[in-house]
Amino acid sequence: MAGRATTRRVGIADVASMAGVSHATVSRVMNGNTTVDAVIAERVRAAAKELKYKPNPVGRSLALGKTDTIGIVVPDLSNPTFQAILRGLSIAAARDGYRVLIADSSEVRSEEAILASEARRRCDGVVLCAPRMSDAELEELAPTLHPLVLINRTTDSVPTPSLVVDYGKGIQELAAHLVELGHRKLAYLTGPDRSASNVQRLRGLEKFKLEYPGIDLQYLPGGNTYDAGFESSDVVAACGATGILVFNDVAAMGLLSGLNERGIRVPEDLSLTGFDDMPFARYTMPPLTTAAVPISDLGDLAWRRMRDQIQSNDAATPTNYFPPRIELRGSTAPPVTR
């Protein structure tokens, strides 16, 4: 039986043979190197056109030492916060002809460094959202990832642009809002133990306690997911606090649902705050009082900081801090006097 006919791909050797030059000369011409004699370069281009030669994009990237791709490592792509950061980053990078490779560590701490290193090998730079990685791990890893942009982390081991939301200030302002409403017993439903932003919130609340020494503030184990918030509703209902601060909006929504199932009304029986101001936080019942974080802006600025490094190899950019904006909605109210 006759074999199936195949069409052989025209390669760089074919162009070199037709033009009477070396493979290296063809490669330099195809990659835009202006040091090749103009007459020879024109001969190479004419041969490539006649043969309908198309450079291999992978080989071209290797030759140029660039991929026109950047990587981003996130802990949980199902979290709307990281979705918004990714969207801002992708849109901004696309305007400059870059693509974004996404790596999701699925909240596994040990995966963050592995994924970041793998992304750097495949991409021109890495945007790292690694909230679970220890400071020591980050200090060791950061110098190997340049160009690097950090989101909500900082490092001293190498000059690296960092974009940091002031979570401590935001939680302080939310707690102060509850106090201004008349609440004297507060509780904070914490985030993941290894979360860097949870540590910032805890530090902020310690400062809050110094400013408001007469306020009873307790810490309750929680998490950063809807299920974690829902499953915490019994503990929250029994803690005796009238004002509850929750690690993020997702967990706050889960808690809202759990409290509703137990017949506990928000804000009549308990006032409740979230954090992040995700797009649907204003549509919960009641709408969620929260701290708004400019997450889309973080993605856009992350690309600009990355582009500066790629173009000039300069990472000498100061850390940018973003103060959250408090959004007052229906989930907080003065405590009911009984």
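Here is a quick tour, from the whole chain down to two residues.

This is a predicted model, where local features need pLDDT of at least 70, side-chain atom pairs count only at pLDDT 80 or more, and totals use all residues. Residues are numbered from 1 along the sequence as written, and side-chain values use heavy atoms, without hydrogens or water.

The protein has 13 helices and 12 strands (DSSP runs: H or I of at least four residues, E of at least two). Its radius of gyration is 27 Å, well over the 20 Å that the globule rule gives for 338 residues, so the protein is more spread out than a compact globule (C-alpha atoms; the rule is 2.2 Å times the number of residues to the power 0.38). The C-alpha trace spans about 95 × 55 × 30 Å along its principal axes.

Now for strand 1 (residues 69-74). It pairs with strand 2 (residues 99-104) in the parallel sense over 6 bridges (pairing takes at least two DSSP bridges). Val-73 sits opposite Ala-103 of strand 2.

Two residues are set side by side below; buried means under 20% relative accessible area, exposed over 50%, and partly exposed in between (1.4 Å probe, protein chains only).

| Residue | Relative accessible area | Class |
|---|---|---|
| Thr-69 | 11% | buried |
| Pro-159 | 56% | exposed |

Thr-69 touches several residues, including Tyr-98, Arg-99 and Cys-123 (contact: heavy atoms within 4.5 Å). Pro-159 belongs to the loop between strand 4 (148-151) and strand 5 (162-165).

Methods. Lists of a residue's contacts leave out its neighbours within four places in sequence.
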